[in-house]
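The sequence and structure come first, and the description follows.

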Amino acid sequence: MEIAPKDLIEKLEFDKILEILIEKCYGEAGKEKMQNPFFHTKKLMLDRILAEVIEAKIASDEGHPIPIGFYPNLKEEFHFLSIHGSVLSEEQFFKFAQSLRVVYRLYQFFKTDKQEAYPHLYDILKAYVFQDDLLHKINKIVDEEGKIKSDASIELMRIRKLQISKRKELDRVFRTLLNQYKQKGMLKDMEEAFRNGRRVLAVPAENKRQIRGIIHDESATGKTVFIEPDGVITINNDIFNLFNDEKREIYNILRDLSEYLRPHLDHLKIYQTLLVRFDIIQAKSRLAKELNAIVPELKDEPFIGIRTGYHPLLFLKNKKEEKPIVPFNLELRNQNRILILSGPNAGGKSICLKSLGLLQLMLQSGIPVPVEEGSVMGLFEKIFLDMGDQQSLEDELSTYSSRLKNMRHFLANSDKNTLVLIDEFGSGTDPKIGGAIAEAILSQLNKIKVFGLITTHYSNLKMFAYKRKGIVNGSMTFDKETLSPTYALNVGKPGSSYAYEIAEKTGLPKEIINYAKHKTGENAKAVDQLLVDLQSEKKDLTDKLAHLQSKQDKLERLIKAYEEMSADLDIRRKKLRLDIKEHNLQDQTRANKQLEKLIREIKEEKNLDKAKKLLEKTKVNRKTLHSEIKDLDENIYKKEEKKLGKTGPIEAGDYVRLRSGGEIAVVESVRKNNAIITVNNLKMTVKVRDLVHANEPVTAPVKGKIEMDTVAKTANFVNKLDVRGMRREEAIKMVEVFVDEALMANGSYLEIIHGKGDGILRKAVKQKLREYPQIIAVRHGEQERGGDGITLVDL
């Protein structure tokens, strides 16, 4: 992502967020990585990174934090190991052991049900196999304190046993000599010491010729000499030789271990990379927990739809001091891409601008943000900022010249994927000229279709925003009674600077204020007030128009529903007539049986003519009734097909239902006179002549639904519900109504789409579903169908 100017991160205080994250990292390698954040512009990658952080946060909330702690930076060790023939030291192998032990704990963590509970985190590890033999090999040689174990080799064990034996022998002989010379009064009070790694006697200088041995040292005054007595010289020599033997053996062990690790250098580097990644993830998750942050819905395009957003640093500060903080709501989309924010000084305009920029940087660097559920945020490929005093003595630029230089860069490099943030637009020069230049720049930025938030006091920019599509006014509200800011953002209404009111509050003499009012005239204030009134009226009209449009849409849906219900009623009438005819046919059949009985009796009486006439009359009546039923039947189903707008033969992929009624099914295949259909996940074979065309089931909208009577709802029940973007309480209520309707409609399979986010809606849905004993099973969908973003219910 391109950012400008170079100090944008510092000006938006993103560097302070990084400092917090660096403190939360356990390893130096993670801290170094965090100092150079990467801003993602591809939704697919960012979705994954944010999902990892949220899973780490959930794991911590559930009492299963990622088992990562301190791990060393192995940069130098990797370089040293890459040199052929190099031998690592004990300390370096100890650092490898520390690192591998942390990696081992990570792999052990995911050997349980954590693989399914935190799939994105597990995906980081599952591509690589942990080589237990590396850690086992090092643990066999290096102990918990970083020292070489005695049993690292047979030779080392032999040497150290001899060292122990010789030290005991030395101690025994030395004590004997010490006692002898002590009894003779030939030693100083401190008696013994160590010099040059050897145990020596402390002897007064006048007695040094009376003790045979080697003088190793003498005191600064020369009054004491340190003598290694003859009786222990050989033993000390043996110990010294064993010490050298030990060093040589340890070197051989370390050399062999270095050669053993060298072929696995790439694996060791991968393990270090995994530790750094998990370290950064846990740091981000801990910050997200402190901020009550979530992952908003992401769009793979520029978009700003923030609900109850907070400035992260201000949130942490006020949370610590137990002070309230005012959130803001902001939505910028195609119709309103640029917000012109006005209002009094110290009212929160700059904080709002920095909040937007900081939230966007955090999100695109993979950090959850402090906003409310239902927020939607897009991705930008460029973020440009113009803020504060940018005077440059080196480049011989004044503040205004520096700002114009920024504007030139913005105009030359901006596109529709750019977020532009400008504070105090047009200031730094003559207001009329500065305002005119600012208006021209704003017009060009609007043509480029950038997204942006621009703060200003200039009335001409407020008026320009009122007239132009793509730009909207906004203000930081101000309490006129107390003349104090409320820090609340109000989109759709420009703000006044309240300069005279604030001047009066500060105690500026009235004659000065009156003089200023006289110089500016009443028009300046009148224009501001007129603009506020016009913007307010425009907003009211827009809201009314949207309300009327909503009513019109609802009316059209009701009319359509009425027409469909009327057609269904007509069909039902005809079906009733059909049922009556069929009932009559059954009566006629029973009558035929009686006639046949009568004929048999007549035959017995030899009256054949009478029998033939009765039989003929019965056949005619039956044929007439069959014809009426057939015509009525064809009439009904032709009307149904006309209503559906579908005629012709039934083919694979068509939506159908049985002529006798029932649920809508999908035709899988047609073979001669038989068709295989699927209804409610069940396959069955039926005769083609028993099927009629049907419309594809339509998913009912959650919001703005048409209120109908219970029968209509049951007849048109759809088994999908989308609660994304809703508050928890709203979602629970919708799920309750949805399941109740499903039970009334005899539904057997439901889909509830709640999205992934940080799992609040998912948990709420599951909790609500537990209240229904009629539910057989609750599960998540397959990964390609939404994974844990969708809950499937079997009734």
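The lining of the second largest pocket divides by class into 17 nonpolar, 15 polar and 18 charged residues. In this scheme Ala, Val, Leu, Ile, Met, Phe, Trp, Tyr, Cys and Pro count as nonpolar, Asp, Glu, Lys and Arg as charged, and the others, Gly among them, as polar. The volume of the second largest pocket is about 1,300 Å³. Of its 50 lining residues, Gly755, Lys756, Gly757, Arg762 and Asp788 are the closest to the centre. Helix H4 (43-61) gives the largest share of this lining, nine residues. Among the other elements that each supply at least two residues are helix H7 (114-117), helix H8 (119-126), strand E6 (297-299) and helix H23 (760-769).

The terms used here rest on a 1 Å grid over the protein atoms alone: a pocket is an open set of points with protein on both sides within 12 Å along at least five of seven lines, a cavity is a set of points where a 1.4 Å probe fits but cannot get out, and lining residues have an atom within 4 Å of a point. Grid points are joined across faces, edges and corners, and a volume is the space filled by probe spheres set on the points. Helices (H or I, at least four residues) and strands (E, at least two) are DSSP runs, numbered from the N terminus.

The model is predicted, with local features needing pLDDT of at least 70 and side-chain atom pairs counting only at pLDDT 80 or more, while totals for chains, interfaces and linings use all residues. Residues are numbered from 1 along each chain as its sequence is written, and side-chain values use heavy atoms, with hydrogens and water left out.

**Cavities**

The structure holds two cavities of 30 Å³ or more. Their volumes and linings by class are set out below.

| Cavity | Volume | Lining by class |
|---|---|---|
| Largest cavity | about 90 Å³ | eight nonpolar, three polar and three charged residues |
| Second largest cavity | about 30 Å³ | six nonpolar, one polar and no charged residues |

The largest cavity has 14 lining residues, and Tyr400, Leu404, Met407, Phe425 and Gly426 lie nearest its centre. Helix H15 (399-413) and helix H16 (431-448) each supply at least two residues of that lining.

The second largest cavity is lined by Leu74, Phe78, Phe96, Ser99, Leu100, Leu268 and Tyr271. Two or more of these residues come from helix H6 (90-109), and two or more from helix H12 (265-291). H6 gives the largest share, three residues.

**Strands and sheets**

The chain has 23 helices and 24 strands. Strands of a sheet pair through backbone hydrogen bonds, either parallel or antiparallel. Two strands count as paired if DSSP finds at least two bridges between them.

An open sheet is formed by five strands in the order E19-E18-E17-E16-E20, with antiparallel pairing. E19 and strand E20 (691-693) are the edge strands, each pairing on one side only. From one strand to the next the twist averages 45 degrees, where axes are lines fitted to C-alpha atoms, for helices over the stretch in contact, and angles run from 0 to 180 degrees between N-to-C directions.

Within this sheet, strand E18 (residues 674-679) and strand E19 (residues 682-687) run antiparallel and are joined by six bridges. Ala675 has Val686 in E19 as its bridge partner. The hairpin of E18 and E19 has two residues between the strands, and Asn680 in this hairpin takes a positive phi near 55 degrees. Strand E16 (residues 655-658) pairs antiparallel with strand E17 (residues 665-671) over two bridges, and Val656 has Ala665 as its partner in E17.

Strand E7 (residues 304-309) is largely enclosed by the rest of the structure, because five of its six residues are buried. Buried means under 20% relative accessible area, exposed over 50%, and partly exposed in between (1.4 Å probe, protein chains only).

**Val735 and the chain as a whole**

Val735 is found in helix H22 (residues 728-744) and counts as buried because its relative accessibility is 0%. Beyond its neighbours within four places in sequence, Val735 is in contact (heavy atoms within 4.5 Å) with Leu721, Ile752, Val765, Lys768 and Leu769. Val735 and Leu721 are 14 residues apart along the chain, and their C-alpha atoms are separated by 7.8 Å.

Of the chain's 795 residues, 42% count as buried. Among contacts between residues at least 6 apart in sequence, 68% join residues at least 24 apart.
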